[in-house]
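Student: Hi! Could you walk me through this structure in plain words?
Tutor: Happy to, let's look at it together.

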Amino acid sequence: MSKVTHFDHPMIQHKLSIMRDENTGSKDFRELASEIAMLMAYEVTRNMPVEEVDIKTPITTRKFKMLAGKKTAIVPILRAGLGMVDGMLKIIPAAKVGHIGMYRNEETLQPVEYFCKLPQDIGEREVIVTDPMLATGGSAIDAINALKKRGANSIRMMCIVAAPEGIKALQEKHPDVDIFVAAIDDELNDKGYIVPGLGDAGDRLFGTK
């Protein structure tokens with residue numbers, strides 16, 4: 001079963017509380033989503049492999065640790081996942097960025113894929129999928145299905161707010177994908193929205209309804 005990492009850092013929780021406030025406008029909401037993603041990136045990348053390489057300092061030459069092995073790809077689930085990309089790139093500036101487009105059928109609550117564009121070497125990269133909300137888990141499950149179908153084999157899921165139902169569903173379908181969340185909320189309501197949540201992340205990021 002995949003591991004769930006729940007962040008309780010005071011700075012992350014403070015910023016998330018402001019995001020939850022219905023009076024927080026799109027500009028601040030976007031900035032907060034990016035800042036939280038940047039803070040979460042430290043832990044999401046904690047287990048990435050390193051190797052020792054020779055570095056010549058102004059004083060001497062010695063072996064120091066640098067990232068080794070697979071490079072990174074950040075894959076936001078459109079459109080809300082875009083709000084986390086800039087923060088991630090501040091920590092991993094050399095990462096390539098792919099995109100997977102999903103929308104939720106409001107009647108069935110099931111995700112529908114409409115776009116997928118990934119780095120050609122996706123199978124050689126550590127993939128971090130971003131989406132602010134993990135509600136039913138349907139979009140995340142389908143996005144990861146699409147990634148695996150195209151050759152990705154090392155995937156992590158990074159969300160800001162998750163429902164227990166979404167975490168369970170994702171673990172059952174993809175037990176090899178570790179999940180990183182800033183908050184695990186109470187439940188889903190009858191419309192499939194997270195309670196207490198923060199509303200529709202895409203609408204709040206981009207000022208749409």
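**Contacts and salt bridges**

Tutor: Let's start with Asp200, which touches Arg79 and Tyr193, not counting residues up to four places away in sequence; contact means heavy atoms within 4.5 Å. This is a predicted model: local features need pLDDT of at least 70, side-chain atom pairs count only at pLDDT 80 or more, and totals for chains, interfaces and linings use all residues. Residues are numbered from 1 along each chain as its sequence is written, and side-chain values use heavy atoms, with hydrogens and water left out.

Student: Where does Asp200 lie?
Tutor: Asp200 sits in the loop between β13 and α6 (201–206). Helices (H or I, at least four residues) and strands (E, at least two) are DSSP runs, numbered from the N terminus.

Student: Is Asp200 buried or partly exposed?
Tutor: Asp200 counts as partly exposed because its relative accessibility is 30%. Buried means under 20% relative accessible area, exposed over 50%, and partly exposed in between (1.4 Å probe, protein chains only).

Student: Which backbone nitrogen lies 3.0 Å from a polar atom of the Asp200 side chain?
Tutor: That is the backbone nitrogen of Gly202. A polar contact is a pair of N or O atoms within 3.5 Å; within protein, one must be able to donate a hydrogen and the other to accept it, and residues adjacent in sequence count only if both atoms are side-chain atoms.

Student: What does UniProt place at Asp200?
Tutor: An unreviewed UniProt entry gives the feature "binding site" at Ile194, Gly199, Asp200 and Ala201. UniProt positions are in the numbering used here, feature names are shortened, and annotations may be inferred rather than shown by experiment.

Student: Okay, what about Ile194: buried or exposed?
Tutor: Ile194 counts as buried, because its relative accessibility is 8%. Ile194 belongs to strand β13 (residues 194–195). Setting aside residues up to four places away in sequence, Ile194 touches several others, including Met133, Val161, Ala163 and Asp185.

Student: New topic! How many salt bridges are there in the whole structure?
Tutor: A search of the whole structure finds ten. A salt bridge is a side-chain nitrogen of Lys or Arg within 4 Å of a carboxyl oxygen of Asp or Glu. One of them joins the side chains of Arg20 and Asp185 (2.8 Å, N to O). That pair links distant parts of the chain, 165 residues apart: Arg20 is in helix α1 (residues 10–20), and Asp185 is in the loop between β11 (178–184) and β12 (187–188).

Student: Why does Asp185 count as buried?
Tutor: Asp185 is buried because its relative accessible area is 7%. Arg20 counts as partly exposed, at 25% relative accessibility.

Student: And which side chain meets Glu126 in a salt bridge?
Tutor: The side chain of Arg156 does, at 3.6 Å, N to O. This pair also links distant parts of the chain, with Glu126 in strand β8 (residues 125–130) and Arg156 in strand β10 (residues 155–162), 30 residues apart. Glu126 is buried, with a relative accessible area of 9%, and Arg156 is buried at 13%.
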